[in-house]
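Me: I have just opened this one and would like to go through it slowly. Could you help me find my way around?

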Amino acid sequence: MDRYRVKPGSQVDLSQWDPNDSSAFEGQKKEGKRHLLLLNEQLEELQELLYAENRHKVLVVLQAMDTGGKDGVIRHVFEGVNPQGVKVAGFKVPTAEELSHDYLWRVHKWTPGRGEIVIFNRSHYEDVLVVRVHSLVPPEVWGKRYDHINAFERVLADEGTTILKFYLHIDLEEQKERLQARLDEPHKRWKFSLGDLDERKLWPRYMQAYEDVLSKTSTAWAPWYVVPANRKWYRNLVIATVLIETLRGLDMSYPQPENGLDDVVIV
Ligand code: ADP
């Protein structure tokens, strides 16, 4: 999965990253979906181990353009994990109280504790994406945030958090199809917002903002992955695989049981 990791310090040009890529998996959609079921089971076991060991903390950041598939990833990649050890934190337009604090305030309190996986559905990166594209604060303000964010994530990592960040990469054409599907299918209409069309017009500016995020904030302690996301099944496989490989690398083990359990007789 290394091919999708943004090397720290490299300059990202998203036009060079193919959102249709599915080259790391030999099969097609049908086999891909079947393979995901296997990965779901592996992830379930690893998450149970993480929870039982109660040592590591895992933060998964999901960012994407509208319709990019964040919700789909949460549903399909994490299917089967024990909700007791997994939380989802969604970050929408900040409330008045949140706005009266620094932008990391609302984020920090959702970061994972020991034994937990927390998935950020949007994140502190909105503060250098939507905030930049819509000029909600001046460039002198958002311009400093890349360094803040790297330092913030460094604190989390130094204190035992494993951080994985995924940008779900779709293209304009794919977004068009997905928005159209939301209009056409009655049970998807609730997801359609006219505001999404205004955001769509700002696509090039968002891509520029994403390229800066990916170039400036992919670090050894909190790497970004650019996930080809036009094909939903492939997107899910990539994220599940990165998660599994990362969790395996943590070298976890179940806590030692109490002494003397061999002689226990339950009457
Ligand atoms: P989602 O698209 O994630 O399913 P919504 O449709 O409710 O959820 O969108 C949430 C909105 O909140 C997005 O338009 C996003 O850009 C916006 N948002 C998130 N964080 C911020 C922020 N810090 N400042 C301004 N807007 C934000």
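Me: Where does Asp251 lie?
Reply: In this predicted model, Asp251 lies in the segment that follows helix H11, and its phi is positive, at about 55 degrees, although Asp251 is not a glycine.

Me: And is Asp251 buried or exposed?
Reply: Asp251 is exposed, because its relative accessible area is 63% and anything over 50% counts as exposed.

Me: Switching to the ligand, which residues come nearest?
Reply: There are 13 residues around the ligand, and Lys70, Lys92, Arg106, Arg122 and Glu126 come nearest. The shell divides into seven charged residues, six nonpolar and no polar ones.

Me: What distances do Lys92, Arg106 and Arg122 have to the ligand?
Reply: For Lys92, a side-chain N or O atom is 3.0 Å from an oxygen atom of the ligand, while for Arg122 a side-chain N or O atom is 2.6 Å from a ligand oxygen. A polar side-chain atom of Arg106 lies 3.1 Å from a nitrogen atom of the ligand.

Me: How much of the ligand does the protein cover?
Reply: The protein covers 72% of the 570 Å² of accessible area that the ligand has on its own.

Me: Which residues form the nonpolar patch on the surface?
Reply: Leu261, Val264 and Ile266 form that patch, with about 330 Å² of accessible area together. Ile266 is in the segment after helix H11 (232-249), and Ile266 is exposed, with a relative accessible area of 80%.

Terms used
Residues are numbered from 1 along each chain as its sequence is written. This is a predicted model: local features need pLDDT of at least 70, side-chain atom pairs count only at pLDDT 80 or more; totals for chains, interfaces and linings use all residues. Side-chain values use heavy atoms; hydrogens and water are left out. A residue is near a molecule or strand if one of its heavy atoms lies within 4 Å of it. A polar contact is a pair of N or O atoms within 3.5 Å; within protein, one must be able to donate a hydrogen and the other to accept it, and residues adjacent in sequence count only if both atoms are side-chain atoms. Accessible areas come from the Shrake-Rupley method with a 1.4 Å probe; for residues, only the protein chains shown count as cover. Ala, Val, Leu, Ile, Met, Phe, Trp, Tyr, Cys and Pro count as nonpolar, Asp, Glu, Lys and Arg as charged, and the others, Gly among them, as polar. Patches are made of residues with over 30% relative accessible area and no salt bridge: like charges are joined within 9 Å, nonpolar side chains (Val, Leu, Ile, Met, Phe, Trp, Tyr) within 5 Å. A salt bridge is a side-chain nitrogen of Lys or Arg within 4 Å of a carboxyl oxygen of Asp or Glu. Helices (H or I, at least four residues) and strands (E, at least two) are DSSP runs, numbered from the N terminus. Buried means under 20% relative accessible area, exposed over 50%, partly exposed in between (1.4 Å probe, protein chains only).
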